[in-house]
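Hello,

Here is the structure I promised to pass on. Please open it first, then read my notes beside it.

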Amino acid sequence: MRTLNALPSPRQGLFWVCAAAVLALAGCSRPEPSPEPVRSVKLLTVGVGALQSQIEYAGEVRARVESSLGFRVAGKIVQRQAELGQRVRAGQVLAQLDPQDYQLAAQAAQAQVSAAQTQRDLAAADFQRYAALKDQNFISGAELQRREATLKAAQATLAQARAQSSSQGNQAGYTRLVADVSGVVTGIDAEPGQVVAAGTPVVRIAQDGARDVVFAVPEDKVAQIQPGQAVGVRAWSGGKATAGRVREVAASADPVTRTYAVKVAIDAAAAAPLGATVYVAPQALSHSGTQAITLPTTALRQQGQGTAVWVYDPATSTVRSQDVQIASADGNAAVVAAGLAPGMQVVATGVHVLAPGQKVTVYQPKWAETPSGKASSAPDSVAPAGAPGAAPAASQP
């Protein structure tokens, strides 16, 4: 007779359930995190040096006096002799209006002069005859006075007609636009066939003589620029630099750019052509030679609303965050106004992969120069922070 295997007891079943749960939890648990690698960093020692940068602005060469010329009467332009860039002399005709209506008005005024002169001559002859009759007591004194008043009125009418004729003659002459000064045509604002009103600009002329360089400065710099200060000017296309003096500073900002226009007087003989672009370097804004701390932009990082750097602690081989205040730029470097002292060591590159208190090593180049001048291999080192491989050598502490 065969016997059946005994069924497991409840105690044994609970054991196997717990064992299965432990194995399941062991399989789902996270592995131990790998230790963070010790990164190699390139360091630089903070020091004070002389700034080299010079603030420059883009300017434009302009004539000190630039006039917009227009006709003194209205009419239709029938001819324009001036062209853009043309040099003109004083008295040269630049444009012409249709003069027919003004010539007819001048002729009508001249006819009125002739009529008024005839009336004046007749009144003068009557006065002479009545004066002779008065001497013979044929007329009263009152009659002679009336003839004298008629003569004076005729003379006044003649004077009025002559003035009117002269005015109409001037109006006819104003149909010719004549250059009042010598210079260069810098703008054309009207074309033949166009009907213009009196005073409408037609031609712009830059007068010969003094030249200015005009440039704009922002609001935070305008207070440092005063009339009479020295300014260096050099042409954009190269050439010898010239010296100038600040002649005028705008009293109000431009409504569009919100900058202030500054005019610099320069020697006309050494000036670049009109409209040329030049570099303007005000000496009042120069910081060349000023002692300050500068850092490459790769050493800076944003921390909240400010700027910070990583400072290396050689005692513990760790880095800590240090807030700094940036004053301005010196070429490709940043000028530090506060936060650092000479002698500190800061991380130069790879600042985005570091953390406060992180342990680091000083980066050593993989290749070093031997006394014979040949490159020899160096032991492999950890790549600098922020780079997967080797990087160019940097100054070490």
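The structure holds 15 salt bridges. Keep in mind that this is a predicted model. I will start with some of those bridges, then go on to the cores, a sheet, a helix and a loop.

**Salt bridges**

Begin in helix α3. Glu-148 forms a salt bridge with Lys-152, and their closest N and O atoms are 3.7 Å apart. Why are these two separated by about one helical turn? Because they are 4 residues apart in helix α3. Glu-148 counts as partly exposed, because its relative accessibility is 31%. Lys-152 has a relative accessible area of 53%, so Lys-152 is exposed.

Next, look at Arg-204 and Asp-189. Their salt bridge has its closest N and O atoms 2.8 Å apart. Arg-204 lies in strand β12, while Asp-189 sits in the loop between β10 (183–188) and β11, so the pair ties together parts that are 15 residues apart in sequence. Both residues are partly exposed: Arg-204 has a relative accessible area of 28%, and Asp-189 has 34%.

Another salt bridge joins the side chains of Lys-221 and Asp-220, at 3.2 Å from N to O. Asp-220 is exposed, with 55% relative accessibility. There is also a network: Arg-64, Asp-212, Arg-247 and Glu-248 are joined by salt bridges that share partners.

**Nonpolar cores**

The largest nonpolar core has 19 residues. Which of them touch the most other members? They are Phe-71, Ile-77, Leu-94, Leu-177, Val-202, Val-203 and Ile-205. Two elements give two or more residues to this core: β8 (93–97) and β12 (201–207).

Take Ile-77 as a case to click on. Leave aside its neighbours within four places in sequence. Ile-77 is then in contact with several residues, among them Phe-71, Leu-97, Pro-192, Val-196 and Val-202.

A second, separate core has 18 residues. Phe-215, Val-217, Tyr-260 and Val-278 are included in this second core.

Strands of a sheet pair through backbone hydrogen bonds, either parallel or antiparallel. Here, an open sheet of 4 strands runs in the order β9-β8-β6-β11, and the pairing is antiparallel. Which are the edge strands? They are β9 (176–178) and β11 (195–196), as each pairs on one side only.

Now find β6, residues 75–80. Strand β6 pairs with β11 over 2 bridges, in the antiparallel sense. Lys-76 has Val-195 in β11 as its bridge partner.

**Helix α2**

Helix α2 covers residues 100–135, which is 36 residues.

Which residues of α2 are buried? Look for Tyr-102, Ala-106, Ala-109, Val-113, Ala-116, Ala-123 and Asp-126. The buried residues of α2 pack against α3 (141–173). After α2 comes Asn-137, which has a positive phi, near 60°.

**A loop with a glutamine**

Last stop: Gln-358. This residue is found in the loop between β23 (345–347) and β24 (360–362). Is Gln-358 buried or exposed? Gln-358 counts as buried, because its relative accessibility is 7%. The side chain of Gln-358 reaches the backbone nitrogen of Ala-355 at 2.9 Å.

Best wishes

Notes:
Residues are numbered from 1 along each chain as its sequence is written. This is a predicted model: local features need pLDDT of at least 70, side-chain atom pairs count only at pLDDT 80 or more; totals for chains, interfaces and linings use all residues. Side-chain values use heavy atoms; hydrogens and water are left out. Buried means under 20% relative accessible area, exposed over 50%, partly exposed in between (1.4 Å probe, protein chains only). A polar contact is a pair of N or O atoms within 3.5 Å; within protein, one must be able to donate a hydrogen and the other to accept it, and residues adjacent in sequence count only if both atoms are side-chain atoms. The expected span of a helix is 1.5 Å times one less than its number of residues. Contact means heavy atoms within 4.5 Å. Two strands pair if DSSP finds at least two bridges between them. A nonpolar core is a set of buried Ala, Val, Leu, Ile, Met, Phe, Trp, Tyr and Cys residues joined through side-chain atoms within 4.5 Å. A salt bridge is a side-chain nitrogen of Lys or Arg within 4 Å of a carboxyl oxygen of Asp or Glu.
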